[in-house]
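Please read it alongside the sequence and the model.

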Amino acid sequence: MEQPRRITDSFPRRRRRQTGRTAGRDKGKVKSWPRPRSRPRASPPAEEPPLPPPDPALLEMLRRFDLAWEYGPCTGITRLQRWERAQALGLSPPSPVRDALLEHQDNPDVTYSLWHEYAL
């Protein structure tokens, strides 16, 4: 009984390369590629020390501000932009939130809302 033909039967068979050996005609030859000149490596750029984590009470206050829908949606904008928009609309957002946001402007944990990592 004959085995069914496969699509790969129409291609010539090739031997697999053995590990640790080079291809046929290169046996015994040492490849002498030009090596790059060794340059002294540049030191990596100095990293800024990480910011200290904000106070848990501050983060709780900002979390409550994020969850309070009376000041409008908070996706796609920073907390300070949301506070300013709520103030412009006369919604009376809490002033301690603005003071904390201005004090910790460089800290992304304070600047962005709870949902800043989620796509719109």
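Helix 2 (residues 79-88) and helix 3 (residues 95-103) pack at an angle of about 145°, and their axes lie 10 Å apart. Axes here are lines fitted to C-alpha atoms over the stretch in contact, and angles run from 0 to 180 degrees between N-to-C directions. Helices (H or I, at least four residues) and strands (E, at least two) are DSSP runs, numbered from the N terminus. This is a predicted model: local features need pLDDT of at least 70, side-chain atom pairs count only at pLDDT 80 or more, and totals for chains, interfaces and linings use all residues. Residues are numbered from 1 along each chain as its sequence is written, and side-chain values use heavy atoms, with hydrogens and water left out.

| Helix | Residues in the contact |
|---|---|
| Helix 2 | Arg-79, Leu-80, Trp-83 |
| Helix 3 | Ser-95, Val-97, Arg-98, Leu-101, Leu-102 |

By class, this contact of helix 2 with helix 3 has five nonpolar, one polar and two charged residues.

The chain has four helices and zero strands, in the order α-α-α-α. Of its 120 residues, 19% are buried, meaning under 20% relative accessible area (1.4 Å probe, protein chains only).

Mean pLDDT, the predictor's confidence in each residue from 0 to 100, is 82 for the chain, and 76% of the residues score at least 70. Among the elements, helix 2 has the highest mean (96) and helix 4 (residues 108-111) the lowest (92).

Conventions: Contact = heavy atoms within 4.5 Å. Nonpolar A, V, L, I, M, F, W, Y, C, P; charged D, E, K, R; others polar. Buried < 20%, exposed > 50% of the residue type's maximum accessible area, 1.4 Å probe, protein only.
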